[in-house]
Each structure stands twice: as structure tokens, then as C-alpha cells.
Amino acid sequence: MTAPEVSTGNGLTGDKVLIYHLRDVVKTREAEGTAFRLRVPSLQIALGEKIALIGESGCGKSTLLDMLSMTLKPSETGSFRFRSEKGAEPVDISGLWRKRQLNRLGDLRRLRIGYVMQTGGLLPYLTVRENINLSRRLLDMPNDGLVDELAGDLGIRRHLDKLPHLLSVGERQRVAIGRALAHRPSIVIADEPTASLDPIAAERIMSLFIELVDELHITVILASHAWRHINRLGLRHLEHHTRREEDGSMTETVVTG
Ligand SMILES: Nc1ncnc2c1ncn2[C@@H]1O[C@H](COP(=O)(O)OP(=O)(O)OP(=O)(O)O)[C@@H](O)[C@H]1O
Ligand SMILES: [Mg+2]
């Protein structure tokens with residue numbers, strides 16, 4: 001898949017609508033004498049795109065995803081715009097961080113973003129149905145049948161009334177995918193969603209996940225440190241380069257796309 005054309009500045013590139021538009025965004029993290037810096041000179045993600053960020057452990061994948069999901073504040077931003085849906089004006093995310101409008105950031109996150117974590121992150125005291133429905137319940141969304149439909153598509157309908165600890169790891173990951181999609185977000189961000197599965201189960205679940213986001217017209221950004229089958233899924237890879245100081249004091253990753 002090719003990268004979107006260069007933006008005209010208004011967030012619209014030809015017939016593509018940009019959901020993310022970042023310029024000169026930097027996150028620096030320091031701990032015990034070593035520093036890590038993620039630099040994003042330019043990143044544009046269009047509505048409906050399917051994006052993969054594949055890189056070794058420690059290269060900054062989660063750091064980028066956490067900034068895109070608005071849970072991690074960038075250290076510096078030239079500009080960081082997020083369009084919540086087609087037809088909406090882009091929101092100035094760097095401005096919201098600067099003005100400490102954390103409620104606004106939280107609202108955008110809850111309403112527009114779905115997140116699939118590596119280990120599922122399910123609530124152990126809620127049933128599978130309640131876990132999948134959680135994102136909807138927080139938004140007071142009435143039942144429109146999507147939870148049952150997703151459970152059917154994901155092959156976990158028979159587990160709906162069970163607690164997560166009674167499911168296999170792969171089944172729990174399917175529940176986590178259902179939960180990230182159930183409130184029909186604009187975008188779903190998945191951080192190593194199948195890393196704890198065997199390769200065959202991982203491939204099956206990943207294909208299912210991509211099929212579902214396609215069906216629901218949801219943009220997807222997926223990070224993984226190793227994904228042999230990614231090319232078959234037709235994702236656009238984000239370019240990134242990592243450079244380390246010889247004495248190990250500083251690692252810098254530059255991401256563009
Ligand atoms: N809270 C933190 N404070 C300081 N440094 C951190 C923090 N979290 C991560 N880092 C550092 O930032 C760098 C990038 O971490 P990140 O978690 O983004 O990598 P990753 O590509 O997601 O790795 P993995 O594939 O292992 O999940 C690492 O060198 C890490 O040590
Ligand atoms: Mg990570």
C-alpha cells in the first residue's frame with residue numbers, strides 16, 4: 001500500500017481524509033543515565049488505512065502508540081492534529097495537552113479510540129459479555145446487537161457468560177479485540193495483540209481482526225516486534241530507523257510515514 005500524498009495543509013489529501021497529522025513530534029524518556037528519544041518529523045494516517053509498525057523490542061512502538069492514543073504527552077510538538085471522524089474539523093491535540101485539557105483528551109480517547117493490549121487487559125470480575133460491552137457502557141450506548149454480532153464473528157459466543165479466567169489466552173485476546181471494536185471507534189490501536197499466542201493462532205486471530213476492522217470501516221494501527229505474516233494482511237508499514245550511541249547512553253528512533 002502506498003503512503004498518502006503530501007498534505008495540502010488542511011488535513012485533506014486528494015480524496016483522502018487524514019485522521020492523524022503529526023509534524024515534528026518528539027518524546028524523550030530518561031531513566032538511570034540512559035535516554036530514549038522518539039522523533040516523528042512527519043506522519044499522516046488517512047481514514048480507513050491499515051498501518052503496521054514492526055520493529056525490535058525497545059525501538060519505541062508503544063511510545064508512539066501511547067502518544068497516538070493520547071495517553072502519553074509528547075515532549076515537543078510542531079503540530080499534532082486528530083480528526084475524530086469524516087466531516088469533523090481536526091482537533092489540535094498539542095493544544096489540549098498544553099492547556100492541560102485532560103478531560104477533553106479522555107473524552108476523545110473513550111469515544112473515538114479502541115485499544116487492544118498485548119495481554120488483553122480484561123477485567124477479571126466482569127463476564128466476557130460485560131468486558132466486550134464495557135466501552136459502550138462507559139458511553140451510555142444502548143444495545144444495538146453489535147456485542148453479540150462481534151462475539152459470533154470472533155467465535156466466542158458460547159463464552160459470553162463466563163469470567164475471563166475460564167478462557168484460553170487466545171480466546172481472551174478475541175474478547176479484547178471485541179471490546180476495542182464494540183463502541184465503533186474511528187480508530188483501533190493494537191499493541192502486540194497476538195504476542196502471547198502460538199504463530200498459527202496469532203495468524204488466525206490477526207486475519208479475523210483485520211477482516212472486522214475492514215467491515216466496520218475502522219482505521220487500524222498495529223505494532224509488533226515480529227510478524228511474519230503481516231505482508232499478507234495488506235498493511236502499510238511505517239518507516240523507522242533506530243540509532244544508538246556507542247556508550248549506550250542514548251537511543252533515538254525516527255518514524256515517518
Ligand atoms: N516509563 C518510562 N520511563 C523511561 N523510559 C521508558 C519508559 N517506558 C519505556 N521507556 C524506554 O523507552 C524505550 C522505548 O520503549 P517502548 O516501550 O516504546 O518500546 P517497544 O518498541 O514498545 O518495545 P517492546 O517491543 O519490547 O514492547 C525503551 O528503551 C524503554 O526503556
Ligand atoms: Mg511495546
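This is a predicted model: local features need pLDDT of at least 70, side-chain atom pairs count only at pLDDT 80 or more; totals for chains, interfaces and linings use all residues.

1. The chain itself contains seven helices and 12 strands.

2. On overall dimensions, the C-alpha trace spans about 50 × 45 × 35 Å along its principal axes. The radius of gyration of the protein chain is 18 Å, which agrees with the value near 18 Å that a compact globule of 257 residues would have. Of these 257 residues, 37% count as buried.

3. The largest nonpolar core comprises 55 residues, and those with the most contacts inside it are Tyr 20, Ile 51, Val 188, Ile 189, Ile 221 and Leu 222. Helix H7, covering residues 199-215, gives the most to this core, contributing six residues. In soluble globular proteins, nonpolar side chains tend to be buried together.

4. Ile 51 deserves a separate look. Once its neighbours within four places in sequence are left aside, Ile 51 is in contact with Ile 45, Val 220, Ile 221, Leu 222, Leu 235, Arg 236 and Leu 238.

5. Ligand 1 is surrounded by 13 residues, of which the closest are Arg 29, Ser 57, Lys 61, Ser 62 and Thr 63. Strand S2 (16-31) and helix H1 (61-68) are the elements that give two or more residues to this shell, and the largest share, three residues, comes from H1. By class, the shell around ligand 1 holds eight polar, three nonpolar and two charged residues.

Notes
Residues are numbered from 1 along each chain as its sequence is written. Chains are lettered from A and ligands numbered from 1 in the order in which they are written. A nonpolar core is a set of buried Ala, Val, Leu, Ile, Met, Phe, Trp, Tyr and Cys residues joined through C-beta atoms within 7 Å. A residue is buried if 20 or more other C-beta atoms lie within 10 Å of its own, exposed if 12 or fewer, and partly exposed in between; C-beta atoms are placed from the backbone. Helices (H or I, at least four residues) and strands (E, at least two) are DSSP runs, numbered from the N terminus. Two residues are in contact if their C-beta atoms, placed from the backbone, lie within 7 Å. A residue is near a molecule or strand if its C-beta atom, placed from the backbone, lies within 6 Å of it. Ala, Val, Leu, Ile, Met, Phe, Trp, Tyr, Cys and Pro count as nonpolar, Asp, Glu, Lys and Arg as charged, and the others, Gly among them, as polar. The radius of gyration is taken over C-alpha atoms; the globule rule is 2.2 Å times the number of residues to the power 0.38.
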